[in-house]
Amino acid sequence: MKLKDQVAIVTGAGRNIGEDTSKLFASEGATVAVVDLDRARGEKVAADIVAAGGKAKAFVCDVGKEDDIKRCVDEVKAAFGRVDILVNNAAISDNKNMFEVTTEEWNRVLAITLTSPFLFSKYAAKAMIDGGHGGKIVNVSSTSGYYGRDRAIAYTAAKGGVVNLTKSLAIQLAPHKIRVNAVVPNKIGSPVGKDEFDPTRPVLNLVGRPGVPMDLARAALFLVSDDSEFIVGAALFIDGGCTTLMPGNA
Ligand SMILES: NC(=O)c1ccc[n+]([C@@H]2O[C@H](COP(=O)([O-])OP(=O)(O)OC[C@H]3O[C@@H](n4cnc5c(N)ncnc54)[C@H](O)[C@@H]3O)[C@@H](O)[C@H]2O)c1
C-alpha cells in the first residue's frame with residue numbers, strides 16, 4: 001500500500017483520467033476526495049471505490065470559482081481531517097482558433113485549466129502546512145502546453161502555463177516539504193470534454209496503441225508516492241513517445 005492513511009484530492013475525477021487516478025489511489029490505501037462539477041459522475045466514482053473496499057466521498061465543486069475551491073478544501077478537511085495529496089486534473093478546452101473564441105470562453109478555459117491549479121494548490125498547501133506533514137501535488141498539463149495547434153488557442157495557452165506554474169509552486173512549496181510535479185499526457189482515453197473513446201483517432205506514437213487512463217493514473221501514483229521522493233518540479237511525458245517523433249524527420 002503506497003498511500004496508506006493519506007487523504008488525496010483529485011479534481012475532475014468523475015470520468016476518464018481523474019476516475020482511474022482516484023480508483024488507483026484508493027486501491028493503494030488513500031482516502032479519496034472525488035471532486036467534480038457533475039454530481040452524478042463524482043458520486044458514481046466514489047460509490048465504485050467504496051464497493052471495491054476503498055474509502056472515498058464525492059465533493060461537488062466548480063474549480064473555476066475560488067469560493068468553491070476554498071469551500072471544497074474546507075469540506076475535505078472536515079470530512080477526513082487532513083490533506084496529503086492534490087491532483088489538479090480538471091480542465092476544459094475551447095477547441096477554437098483565435099478568431100472564433102470569445103473573450104468569455106477564453107476566460108472560462110483559463111479559469112478552469114490554469115487558475116484552478118493555482119488556487120487549489122494554494123488552499124490545499126495551506127491545509128498541508130497547517131497539518132505539519134508536507135504533501136504532494138501533481139498538475140496535469142498536456143502536450144498541447146508544449147506545442148502550438150491550429151485550434152484550442154485558450155487551452156494550449158493555459159496548459160503551457162501549467163508547466164511553469166508547476167516549477168514556481170515546486171520552488172515555493174519545497175520549504176514546506178510539499179513536492180510539486182506535472183504530468184504531460186497526449187491522447188489518453190476519450191478526448192477532453194467527451195465521454196466516448198474515438199477508435200478512429202490516429203495513433204502516432206512509439207508504443208503503437210492509444211493511451212488509456214490507467215497509463216496516466218500509474219504515473220500520477222509514482223509522483224505522489226515515496227518512489228519519486230527525489231523528483232521535484234518535473235514534467236513527466238505520458239505520451240507513448242509521440243513527442244519524441246519530429247514530423248518529416250523519421
Ligand atoms: N484525454 C486526453 O487525451 C488528454 C490529453 C492531454 C491532456 N489531458 C488532460 O488530462 C486531464 C483530464 O482529461 P480527461 O480527458 O480525463 O477530461 P474529461 O473531459 O474526460 O473529464 C474531465 C472531468 O472534469 C470535470 N469538470 C469539467 N469542468 C469542471 C469544473 N469547472 N469543475 C470541476 N470539474 C469539472 C468534468 O465533469 C469531467 O468529469 C485534463 O487536465 C486534460 O487537459 C487529457
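**View 1. Helix H1 and the shell around the ligand.** Helix H1 (residues 16–27) supplies the largest share of the shell around the ligand, three residues. Helices (H or I, at least four residues) and strands (E, at least two) are DSSP runs, numbered from the N terminus. The model is predicted: local features need pLDDT of at least 70, side-chain atom pairs count only at pLDDT 80 or more, and totals for chains, interfaces and linings use all residues. Residues are numbered from 1 along each chain as its sequence is written. Among the 31 residues around the ligand, Gly-12, Gly-14, Asn-16, Ala-91 and Ser-142 come nearest; a residue is near a molecule or strand if its C-beta atom, placed from the backbone, lies within 6 Å of it. The shell divides into 13 nonpolar, 12 polar and six charged residues. Ala, Val, Leu, Ile, Met, Phe, Trp, Tyr, Cys and Pro count as nonpolar, Asp, Glu, Lys and Arg as charged, and the others, Gly among them, as polar.

**View 2. Helices H1 and H2.** H1 and helix H2 (residues 39–51) pack at an angle of about 25 degrees, and their axes are 10 Å apart. Axes are lines fitted to C-alpha atoms, for helices over the stretch in contact, and angles run from 0 to 180 degrees between N-to-C directions. H1 is therefore roughly parallel to H2; angles under 35 degrees count as roughly parallel, over 145 as roughly antiparallel, 65 to 115 as roughly perpendicular and the rest as oblique. Glu-19, Ser-22, Lys-23 and Ala-26 in H1 meet Val-45, Asp-48 and Ile-49 in H2, where contact means C-beta atoms, placed from the backbone, within 7 Å. The residues of this contact are three nonpolar, one polar and three charged.

**View 3. The open sheet.** Seven strands form an open sheet in the order S3-S2-S1-S4-S5-S6-S7, with parallel pairing; two strands pair if DSSP finds at least two bridges between them. Strands S3 (55–60) and S7 (235–238) stand at the edges with a single partner strand each, so one side of each has no neighbour in the sheet. From one strand to the next, the twist averages 20 degrees. Strand S2 (residues 31–36) pairs with S3 over six bridges, and Ala-33 stands opposite Lys-57 in S3.

**View 4. Helices H4 and H5.** The axes of H4 (residues 103–131) and H5 (residues 153–173) come within 9 Å and cross at roughly 15 degrees, so the two helices are roughly parallel to each other. The residues of their contact divide into 14 nonpolar, three polar and two charged.

Conventions:
Contact = placed C-beta atoms within 7 Å.
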